[in-house]
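Welcome! Have the model open beside you as you read.

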Amino acid sequence: MDNYFLGRQPILDRNQNLVAYELLFRQEQAQEATVVTDDLSASANVIVNAYGRFGIQNVLGQQRGFINADPGLIMSDIISLLPCKHVVLEVRVPDHITEDFLRHCNELKQKGYQFALDNIVAIDSKIEQLLPIVSIVKVDVLSLEIDALEKLVNTLKRWPVLLLALKVESREQEMRCKQLGFQMFQGYYFAKPEVMSVKRADPGKLSLMKLLTLVTDNRDHDEIEREFKRQPGLSYHLMRMVNSVAGDLPRKINSIKHAITLMGREQLLKWIQLLLYTSNPVEDSAVNRRMQTAVERGKLMELIAAAERPHDKNHQERAFIVGILSLLDELLGIDMQQIVNKLGISDDMHQALMMREGRLGQALKLVEGDESGDNTAVESALTGLGFLSLREFNSIKLHASDWANQTGEVAN
């Protein structure tokens, strides 16, 4: 499989304005529905894709996302990775409702999370236990005759919940549900699920296991950062996740270490566990070779920056990020403008990646010219930089190549 997939289906208000999306597990581009055999695994994949691989802003825009949340997900630490302002936790009535489950749901509600009950066709004692917790009830209107639907709606009006008409398939159904007082609508009459895709570039499980060990053992940020530098795709996931979770950051992300600090050790640990749970090995050797090239680019850019500004660690870190990001549009199948817009990187990194301008842009032109065997471009870039001879560059290049080769097994 060359791509990751994510389904989303619009949820509309009474005036057919978009108010939310339901996010859906998908394994193929053409799927309208998927048979899910493991609810927790499916939800974990939706979360990783939406926040790390696609970017939550690309998926939801300014809307909320309804995410299927089985009891296993709700009781796990994964929920804390999801900002309450982004999501509605969509719950199907479990076989058994425990006091611990109810208590945990109430704690999440107090923290600002919203719950929706899914696929409701009747009220029973279990549903009555959950109704004080939920904000939205999704009623399967396709499964109910008009009298049964009216009776159910009148019963639900005893609770302060919004009613969402699920599986609306005709204008007649829409009008009937409006008359009954439904506030939100979802179904094939309005739109079938859209399947989004992005090119696959999985982090290696070995690298994830090593990171998990480093974070669990409370190693310092420098050691964790070094492991991230061996995995450009993983570094990209980290920066996307930080932007998705943190929203509008007061400062731009300038380095991997900065992203690690912003996320925090506890959240980082949960995120790595989630990636480990959902990751698959990359079998495409061409993708692996380009990943290795991205690693080498990052290190070479860092060493060039160190030669220019030996005491400016921040400049060196920005150079490394520019190096690994410079190939991710190709690796992930995402336009470079979209990558730089969503990562919140600094202006000099933006100029380097988009226009090959500034000191970092000049260094990137040098690296790219060398990779393509364009001696004229190499000489021009060295002249533009003004501090590095061809002999010194070749020496730095050997150092970067050795470093990348040493980490290649992990990167693949």
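A charge counts as sitting over a ring if NZ of Lys or CZ of Arg is within 6 Å of the ring centre and within 35 degrees of the ring normal. With that in hand, you can find K229 over the face of F320, at 4.8 Å from the ring centre. Please keep in mind that this is a predicted model.

- Let's begin in strand β1, which spans residues 3–13 and includes R8.
- R8 is buried, as its relative accessible area is 13% and the cut-off for buried is under 20%.
- The side chain of R8 reaches out to the backbone oxygen of V59, at 2.5 Å.
- R8 also lies over the face of Y21, and here the distance from the ring centre is 4.4 Å.
- Leaving aside residues up to four places away in sequence, R8 touches Y21, E22, L23, L24, N58, V59, P193, E194 and M196.

- Helix α6 covers residues 146–156, and L149, L152, V153 and L156 are buried in it.
- Seen down the axis of α6, these buried residues fall within an arc of 100 degrees, so they line one face of the helix.
- What do the buried residues of α6 pack against? Their partners are the strands β5 (114–120), β6 (136–140) and β7 (162–166), together with helix α7 (171–180).

**Aromatic rings**

- How many aromatic pairs are there? The count comes to two.
- F185 and F190 have ring centres 6.2 Å apart and planes at 55 degrees, so this pair is tilted.
- Y189 and F190 make an edge-to-face pair, with 5.0 Å from centre to centre and 75 degrees between the planes.
- F185, Y189 and F190 together form one aromatic cluster.
- Is F185 buried or exposed? At 0% relative accessibility, F185 counts as buried.
- Y189, on the other hand, is partly exposed, with a relative accessible area of 32%.

Technical notes. Residues numbered from 1 in each chain as written. Predicted model: local features only at pLDDT ≥ 70, side-chain atom pairs only at ≥ 80, totals over all residues. Heavy atoms only, no water. Buried < 20%, exposed > 50% of the residue type's maximum accessible area, 1.4 Å probe, protein only. Helix = DSSP H or I, 4+ residues; strand = E, 2+ residues; numbered from the N terminus. Arc of directions from axis to C-beta. Contact = heavy atoms within 4.5 Å. Polar contact = N/O pair within 3.5 Å; in protein donor to acceptor, adjacent residues only side chain to side chain. Phe/Tyr/Trp six-rings, centres within 6.5 Å; stacked < 30°, edge-to-face > 60°.
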